[in-house]
Amino acid sequence: MMKAMLRAAAAAALLALLAAAAAWYYRVALLELAAARWAAAAGASLSPGSITRVTLSEIRLASFRTEMEGFSLSVSSASLGISWKDLLAGRHWLDAEVHAPAISWSAGGTSSGAVFYLPPLYPLKSLSVTGASAGASGGRQVLGSFKAEAGPDGISFSGARFDVSGTPLSADGSCSGAGCSFSGHAGPSAALPGRAGLRVLVHPSSATFSALLPGEGLSVRGSADAEERWSLRLSLSGKGSFPWLSGQCAGDGKGYSLQEMKGRLSCLLRAAGIPVEASLKAEKGELAFSAGASSAAATASLSGVYSLSSGRGEASLVSSGDLALPGEGMLKGLSLRVSAAGDGGRVSASGSVSAVSAEAYGFSAEGLSLEASGGSGEEAVFGGELRLGRLKAGAAEFSPVTLRASGRPEEHLLELRAEAPAGDIRLSASGSLAGAWEGEVSELSGFGLRLTRPFPARISSGGGAFSGLSLAYGAGRLEASAEYAGGRLVGLEAEARGFDIAAASAAFSHAAALAGKLDASLRLAGAYDSPEGEISVRSDGIVAGGVRLGKLRASAVLSAGRLESREAWLETPGGRLESSFSAEISPGRFPGDYYFTVVSSDTDVGFLSAFTPGVELRTALLNAGIRISRRDGALGVDGGASLSAAGLVFRGAGLKLSPVNLDLRRSADGAGVAFSGFAGAGAGWLEAEGALSAAGPALRLKAARVAFDSPYGLRGAASRADMRVSGSWESPFYAGNFELSELRFDQERWDKSPSSDGRPSAYGLDLSFSVPRNAWYRSEAGSIEGRGEIAVKKQGLGDAAVIGQVESVRGTYSYLGKPFEVKAARVNFAGRTPPDPGIYLLAAYEDRVNSIKVYFEAEGTMRYPKSRLYSEPPMEQRDIMSVMLTGRPLYALYSNGADSGQQGSSTVAAEQALAGYLSGRAGLLVRDKLDLDMLNIRMTEERRADVTVGRYLTDDLFVSYGQTLGPRGEKRVNAEYSLTKHLSLEGKTSSEGRYSTDLLFKFGVR
């Protein structure tokens, strides 16, 4: 029995061994059969591949593919490792390495059910994937590589590196039966500026996500579920690429396909400080959007709709108001209307724009209008016209300007017309646009220049070129060719022969005084930031400001970012100026290091007045042997220079100096230029001394008895002045004290004076002005003498603040044609910006015929004054106005027997009105011609004209003379001598034999 059992066991062992041997021999086929049955059980099919290696611990596979409904997986190669120890212990025992797996699924449609399902992971222990890709409906994204560890509770992975549409993505996370959690980073890339932080939570029936892009100030969060419901929240804080945009957006909806989606996104934003409301609505393949913005200066609205199924869409944009432009520019009085519509591949659009004025990048325009229309499709066409009523570019001005364009991208015409006093500009060109614009310029003329032949031109995103440009001006010629590509100037060559300088200078007022003919050449090549080349200029007859100078020679070489002179000299009737220079001109290094030298001996440089508007030099002799340099921000001087001029006039300040002596020398510490100067000013003088450095000026100016007369209606004389100039060249600071012996302000000249450009200035002020007397305000209404102290303060780009008080001394003022004597007046400046001083005025008109005094009183501020009329004896307002207009109270006009009196009153009123006119507008002209401080004309009760004139004979003595015109008219002489600020001696005499002398004490407001 025992032997039989042993034989059976041996036979079983032999059969088992034979079976194992057979299994090992047929292992690949058996495994493939088992895999096919497993795939069939899972509802999938398995395409034949190859199992390249089978051992007890490893199985290698190559080129196999599995498919199921809506899903497929193909693998280039894989390796499966078996851990027998973990297998026998009942743990996860399979380690897998997969190379280049490709996953595909069908996109679109709707679905319901679970968002996430984690299939059974047993026996997977670890998974390493390299070169994965995935895609839907034919699209494909490169995912990259990752490693994962599986266990009883799920799977975790780390070090995942993906690429989605060119954007790098890294993530770590884990999954279990309850869901997945991922965190990582994305970007930067062309589509995603900066590095964004990501976090995703996936649950069995929903998912939430969030992203943060700190550099751009952008955060996004949202959720989605198995029923295709979603929500989205977005926040912008105004950083990075969109510093002008901030706000929040929120949206909710259902459906992941745009054709089936139904939802809405609403935004509350601030764009460049302007509140904006925007919304986007989607409903079954139709998108509708709208946006609106409104500020105190402008409003704008945008709306439109688009159908995904038909490809039809339309949109419109309307805007009006003032709009800020890049470069600190502004578009004022804007009115814009644009509409567009499309159907499939055809789109048409039209629009109109108008604006009162525009300003940007140094250009300004007025009366802007644009009309344009276009369409795309089989016959794409466009057309438009831009008109500018006036265009200013620097000192050049054109009025009007018209630009027209019409045609198709393949063939179109361009036309420019600009009219200017120095000559009209005309340009005509034809071309085609297909990635780059290529065309031919057939007409180009302006300022006397004319094109001698057409020339080709090309413009693209990478550069541009033109060749064969030939312009004529009289007998002169200008020829040029240029090409720019790849950030480099391939070549620029320009040459002028017998060229009249007026052709180039006529457009610029600062250079309009230049004339003559010259030969010039320019050659450049190389990178934008370091071109190489040379320039030369020659002329045998330069005229500047009507002065014929003589020969000019200048040539320089540009290399390694520096411009070096080879020759530079100019002959003048008064001598010869020689110079040399070297300057760093690399971009981003302005001003760079430089030096220049000037050598001259008794050379008359008065012709420089042609280049300095508002400043006039007369017989200005320059003696110089000086070298001025700037290196590492420090200014250096070797040698010296002196200028002696017979006269120097500053027209803007009304300041005339004669003679003038200026001197430049090396400063004692060697860090700058020592400056000194002295000038006569009529009976007075002005001197200056200090230093000029690269950092800025450090000057002190003193003056005594200097007269001035500005075009802003202000003229007078300073008995003493002391001012210091410090700070930087960009923002100098002026501080000083001025004692004025005379000051006159003419309202009419102020009203007609040139207006400023309104731009803020960076200089600072701390100036004080003291006017003890003889400060006159003059207008058509009369003259008022005042005195007071004023301080003007300003910091940086801020507005100037005026502080102080001016009070009246004497004066007359015309109101409704009647001469009022100023009894008291004051103006208080409290430093408000813009200035709005407090005012008080009390003036009286005496009607001796009716024995009535009418008082005019005003107080409040200059912007918001309050005034009233009252009388002695007291009367109603209607009676006071009747006295002012007719010479009699209203009740007297309608009393018994008033007809004859009314006629007489009308005559008196007419005479008073005439006297008021003579004292006003006509009197202002007389005062200017006779240099009078006061002129007053009034009618006496005897209906005679009474004229009074007055003038300061010295700083302290004021004399007036009055006379009643006609036979035996009274004559009066009044003299007032100011002993101190508040004490004066006054004497009066008349032809009637009356004499008087008074010692007057003046304090406060008169």
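## A buried glutamate in a loop

E228 counts as buried, at 7% relative accessibility. Buried here means under 20% relative accessible area, exposed means over 50%, and partly exposed lies in between (1.4 Å probe, protein chains only). The loop that holds E228 runs between strand 14 (218–225) and strand 15 (229–237). E228 is not a glycine, yet its phi is positive, at about 65 degrees.

This is a predicted model, in which local features need pLDDT of at least 70 and side-chain atom pairs count only at pLDDT 80 or more, while totals for chains, interfaces and linings use all residues. Residues are numbered from 1 along each chain as its sequence is written, and side-chain values use heavy atoms, with hydrogens and water left out.

## Overall build

The protein has 64 strands and eight helices. Both are DSSP runs numbered from the N terminus: helices are H or I with at least four residues, strands are E with at least two. The protein counts 1006 residues, and 35% of them are buried.

Take the contacts with a separation of 6 or more: 34% of them join residues 24 or more positions apart. A contact means heavy atoms within 4.5 Å. The accessible surface of the protein is about 55,400 Å², with 59% belonging to carbon and sulfur atoms. These areas come from the Shrake-Rupley method with a 1.4 Å probe; for residues, only the protein chains shown count as cover.

## Salt bridges

The structure holds 26 salt bridges. The criterion is a side-chain nitrogen of Lys or Arg within 4 Å of a carboxyl oxygen of Asp or Glu. D722 and R700 form one of them, with an N to O distance of 2.6 Å. D722 sits in strand 50 (residues 714–727) and R700 in strand 48 (residues 697–704), so the pair ties together parts 22 residues apart in sequence. R700 is partly exposed, at 26% relative accessible area.

R417 pairs with E415, and their closest N and O atoms are 2.9 Å apart. R417 is buried at 17% relative accessibility, whereas E415 is partly exposed at 27%. Both residues belong to a salt-bridge network that links E385, R404, E415, R417 and E443. E571 and R576 form another bridge, with 3.9 Å between the closest N and O atoms. E571 is partly exposed at 29% relative accessible area. R576 is partly exposed too, at 34%.

## A buried charge without a bridge

E216 is buried yet has no salt bridge. The nearest side chain of opposite charge is K239, 11 Å away. For this count, Lys and Arg are positive and Asp and Glu negative; His and the chain ends are left out. E216 lies in the loop between strand 13 (206–213) and strand 14. Leaving aside residues up to four places away in sequence, E216 touches P193, K239, G240, S241 and F242.

## Backbone exceptions

Most residues other than glycine have a negative phi, and most peptide bonds are trans. A560 lies in the loop between strand 38 (547–559) and strand 39 (562–572). A560 is exposed, with 64% relative accessible area.

The bond from S658 to P659 is cis, with omega near -10 degrees. P659 is in the loop between strand 44 (655–657) and strand 45 (660–666). The bond joining E872 and P873 is also cis, with omega about -5 degrees. P873 falls in the loop between strand 58 (865–872) and helix 6 (877–886).

## Surface patches

Patches are built from residues with over 30% relative accessible area and no salt bridge; like charges are joined within 9 Å, and nonpolar side chains (Val, Leu, Ile, Met, Phe, Trp, Tyr) within 5 Å. A charge is placed at NZ of Lys, CZ of Arg, CG of Asp or CD of Glu. K262, R264, K281 and K284 make up a positive patch on the surface. R264 belongs to strand 17 (residues 262–271). R264 is partly exposed, at 42% relative accessible area.

L302, L317 and V338 make a nonpolar surface patch of about 190 Å². L302 is in strand 20 (residues 298–307). L302 counts as partly exposed, at 35% relative accessibility.
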